[in-house]
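Subject: Structure for your review

Dear colleague,

Please find the structure below, followed by an account of what was found in it.

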Amino acid sequence: MFDNLTERLSKTLKNLRGQGRLTENNIKDALRDVRMALLEADVALPVVKAFVEQVRQRAIGQEVIGSLTPGQALIKVVRDELTQLMGEQCDELNLRAPAPIVILMAGLQGSGKTTTVAKLSRWLIERKKKSVMVVSCDVYRPAAIQQLETLAGEVGAQFFPSDNAQKPVDIVTAAISQARKQFADVLLIDTAGRLHIDDEMMNEIKALHEAAQATETLFVVDSMTGQDAAKTAKAFNDALPLTGVILTKTDGDARGGAALSVRHITGKPIKFLGVGEKTDALESFYPDRIASRIIGQGDVLTLIEDVERTVDKEQADKLAGKLKKGKGFDLEDFRSQLIQMKNMGGMASLMDKMPGLDQIPEKAKGAINDKEIIRMEAIINSMTPHERRFPTLIKGSRKRRIANGSGMQIQEVNRLLKQFAQMQKMVKRASKKGGLANIMQGMKNPQQLQKMRRF
């Protein structure tokens, strides 16, 4: 997400960073580039005008012109204004209301509502330790109820059965009663979507909202629709008292116009981002962290949280103990790291949060992808346990056997072994000089990332 915008803004701000003195003229030129970058990202025009004017007013003041490092000062102004544009702070769900807390999900058909219900259920169960019940009021779309039942089973949520012959309001009333009986902390209601906004749809969702007395009413919208996402959210907000927005499919959106437009146009906060297809691909929306990503400074805080949540601590302690005893980092350990990387959302998600991404050449970025991780894992899986522990044994005939077993070429096996050797040196050096902190520092270095290329 934001790839195109990050690239354009980074170039503009980089040019200013090197200048010893900023004037109204070169700030004016820079803001023209910023305006074009935002418009190309499909940010709504009123939002672009307001944002550029705010940056201009702060930029020509003493805050920037009078600074000893004006280029850096302007970057801070842009980051601060992006943060304010998107809401300044993370607006969390209201989970302090009496149980069952009712969360109503609204949105157009195809926005990913049902999948988002499952993702939010998993987030509430795993992160907030809540018992969750889900119910579908979508009596129009074929198999919508069955889809939610399947997803509920996957994420460990209770499912309240409904039927196409029932009225949506009756389903909601019965589900709330059942949630009370089963002491569910949260009830998530999946509503029907339409292909467009119409009176019938709005009247039904209003009736459901009144019957549910929802604590949270969240609008689910496809981020790839750009500024249209903000316009649709405003139409829903005019009819319903929305408490927040969830942007879906952000992993496929290189522009990011929706994220920058929604808050300004609707006045409602973005609460979550859908960052992939899997049920764990849901992130809380932190405006300050997203602003840092947009200007190429990465999102180290979210990266650390991902590591803490997904890394197998027992396995990490085992590896640390092994290295401490002087035993080397082998291919079994390398494979474990690849698996944990996939659990953290893959390389695309990791790279998005890495500082200095804007300094890496496009060719190098393209070489870092999840398909490569899958290929590397397949090659390691084709080795014997003995070969994984003692990689130096892997010579000509063994390489041919491994290549055939994994469906790869010998050149790809050679490349993996070369990349493993680089990783082995990196881990050995880090284990002597301060552990994981050194590895993370090395990964922040764009030159180091280029060396690793496909790792």
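A residue is called buried when its relative accessible area is under 20%, exposed when that area is over 50%, and partly exposed in between, with a 1.4 Å probe and protein chains only. The model is predicted, so local features need a pLDDT of at least 70 and side-chain atom pairs count only at pLDDT 80 or more, while totals for chains, interfaces and linings use all residues. Residues are numbered from 1 along each chain as its sequence is written, and side-chain values use heavy atoms, with hydrogens and water left out.

Overall picture

The protein chain contains 23 helices and eight strands; helices (H or I, at least four residues) and strands (E, at least two) are DSSP runs, numbered from the N terminus. Of its 455 residues, 49% count as buried. The chain exposes about 21,800 Å², and carbon and sulfur atoms supply 50% of this area; accessible areas come from the Shrake-Rupley method with a 1.4 Å probe, and for residues only the protein chains shown count as cover. Among contacts (heavy atoms within 4.5 Å) with a separation of 6 or more, residues 24 or more positions apart account for 74%.

Helix H7 covers residues 144–155. The expected span of a helix is 1.5 Å times one less than its number of residues. The 12 residues of H7 should therefore span 16 Å, and the 17 Å between its end C-alpha atoms agrees with this. Its buried residues are Ala144, Ile145, Leu148, Leu151, Ala152 and Val155. Seen down the axis of H7, these buried residues fall within an arc of 130°, so they line one face of the helix; the arc is that of the directions from the helix axis to the C-beta atoms. Gly153 and Glu154 are exposed on the face of H7 turned away from its buried side. The cover over the buried residues of H7 includes helix H6 (113–127) and the strands S2 (132–136), S3 (158–160) and S4 (186–190). Gly156 follows H7 and has a positive phi, near 85°.

Helix H20 (residues 396–406) has Ile402, Ala403 and Ser406 as buried residues. Seen down the axis of H20, they fall within an arc of 100° and so line one face of the helix. Ser397, Asn404 and Gly405 are exposed on the other side of H20. Just after H20, Gly407 takes a positive phi of about 75°.

Aromatic pairs

How many aromatic pairs does the structure hold? There are three aromatic pairs. Rings of Phe, Tyr and Trp (its six-membered ring) pair if their centres lie within 6.5 Å; planes under 30 degrees apart count as stacked, over 60 as edge-to-face and the rest as tilted.

One of the pairs is formed by Trp123 and Phe272, which are edge-to-face, at 4.9 Å centre to centre and with 80° between the planes. This pair links distant parts of the chain, with Trp123 in helix H6 and Phe272 in strand S7 (residues 270–274), 149 residues apart. Trp123 counts as buried because its relative accessibility is 9%, and Phe272 counts as buried at 2%.

Phe334 and Phe420 have ring centres 5.7 Å apart and planes at 50°, so the pair is tilted. Because Phe334 lies in helix H15 (residues 331–343) and Phe420 in helix H21 (residues 410–432), the pair ties together parts that are 86 residues apart in sequence. Phe334 is buried at 0% relative accessibility, and Phe420 is buried at 3%.

Two further buried residues

Asp333 is also found in helix H15. With a relative accessibility of 12%, Asp333 counts as buried. Its C-alpha atom is separated by 8.8 Å from that of Arg388, 55 residues apart along the chain.

Ala233 has its place in helix H10 (residues 227–239) and is buried, with a relative accessible area of 0%. Leaving aside neighbours within four places in sequence, Ala233 is in contact with Phe219, Leu242 and Thr266. The C-alpha atoms of Ala233 and Phe219, 14 residues apart along the chain, are separated by 6.8 Å.

With kind regards
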